[in-house]
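Reader: Hello! I would like a close look at one part of this protein, and I would be glad if you could walk me through it.

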Amino acid sequence: MVNDFVYAQPVKIYFGAGEFDRVGEILRELGCSRCMLVSDRFLADKAKQMVESVPELCASFSDIEENPQLSGAEAVVRMIRELDADAVIGIGGGSTMDTAKFAAATALGDAELTEYYDGKKPFPEKRLLVIAVPTTAGTGSEVTQVSVMSHGKEKKTINNPVFMPRIALVDPKLTSTVPPRTTMNTGIDAMAHALEGYWSRNHNPVSDLMAIESVRLVLGNLETAYRDGGNLEARCNMSLGALMGGLAFALPKTAGSHACSYPLSEDYHLPHGEAVAFTLDSFVRINADERLQELCRRVGLRDADELADRIAALKELGGLRRRLGDLGENVDVGKLAHDSAVHPLMGNNPVAMDETKLREMFENLR
Ligand code: NAD
């Protein structure tokens, strides 16, 4: 029997190759005339040119690092206030979109950003609208109410409706320059969102359908996008797969692999997608109940073992770190297992995973 559920998806989605060229028109439709452009570093020059050519844009900021720091959002907030901006476009990977989302949600408040980050102050009631434009096919941040920000060594996922973008503008052409390794990291991240949304304890039947289609698209296109980045059909299918992966986990939230990714990123500096991929095939085997076997059959696979093998092969193809030895000489398995076990997302995993079971899982990766 289907469990009761509530489903809501408030983001207007524009999808298509070349769709980003309509950004001025979309801003005019929204009534925005002083929009701040927050862009990934690789787009810094293009961002400056756009500010000169699109009258609705007033300034750009492009100094955002991977696993973005709160200080980046603070710099954006200062500019928003100085320029009296009325909207924010975040164009880049998840790091850039999350910075734009955090800045837009806090710029009209009067507290320090650290107070919102630490949960000491509620987010302001008034905020700027966000247009999220992904340039990687991975995070799905363009359709989630999540902002993942780091402050010092701490990396925190903050889930709050204030972060929901107004518009997701998904233009697969923007992903054509993503290097192969990042294509692989981010593509496996997209599949992890779909799988974890699907097997989350909070899954619902609408998100489930998104998840199945996302897994099908990623399995069918990631290798081509990795080997031939200029293949627009594969890039389009990956962007769609990542968008649907975002929709698949936006409500159910992620689970075991994402919980483990936090210590892997914080202590061993793996990029987000690679950190998620590190344990994804292990969790496919651990979580292989009848529902997961059904997903596998619906995407054309024999069973969950085949899915785990396909993920492992993609990781190998992309040169991703896969074994504990790849993380360095002094891997503290006890701390990895502990920090993963206490992460709140671990509670969403369909199979209860305590520190002992997680230690066993990591030991199998020696
Ligand atoms: P990223 O934004 O950190 O970008 C990775 C690298 O790719 C960067 O060096 C960037 O400059 C480069 N890059 C991006 N687009 C490019 C392009 N088109 N061409 C060339 N280079 C390009 O990576 P990501 O995986 O997109 O985002 C990861 C971040 O998103 C992490 O902080 C993660 O925790 C977070 N995240 C957020 C959500 C959410 O719902 N908000 C979901 C999953 C992950």
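How many salt bridges do you count between domain 1 and domain 2?

Author: Happy to! This is a predicted model, and the count between domain 1 and domain 2 is one salt bridge. Across the boundary, 25 residues of domain 1 touch 27 residues of domain 2. Together the two domains bury about 2,000 Å², and 64% of that area is on carbon and sulfur atoms. On the domain 1 side, Ala137, Lys155 and Pro172 contribute 26% of the area buried against domain 2, more than any other three residues. As for salt bridges, Lys153 pairs with Asp267, with 3.1 Å between the closest N and O atoms.

The largest pocket also involves both domains, as domain 1 and domain 2 each give at least three residues to its lining. This pocket holds about 1,200 Å³ of space. Its lining has 49 residues, and Asn67, Gly94, Ser95, Thr139 and His272 are the closest to the pocket centre. By type, the lining has 22 polar, 16 nonpolar and 11 charged residues. Elements that supply at least two lining residues each include the strands β6 (146-151) and β7 (154-159), along with the helices α4 (94-106) and α10 (272-286). The most comes from α6, which gives five residues to the lining.

How values were computed. Residues numbered from 1 in each chain as written. Predicted model: local features only at pLDDT ≥ 70, side-chain atom pairs only at ≥ 80, totals over all residues. Heavy atoms only, no water. 1 Å grid on protein atoms, 1.4 Å probe; cavity = no way out; pocket = protein on both sides within 12 Å on 5 of 7 lines; lining within 4 Å. Points joined across faces, edges and corners; volume = space filled by probe spheres on them. Helix = DSSP H or I, 4+ residues; strand = E, 2+ residues; numbered from the N terminus. Nonpolar A, V, L, I, M, F, W, Y, C, P; charged D, E, K, R; others polar. Domains from an automatic or database assignment. Contact = heavy atoms within 4.5 Å. Buried area = accessible area lost by both parts, 1.4 Å probe. Salt bridge = Lys/Arg side-chain N within 4 Å of Asp/Glu carboxyl O.
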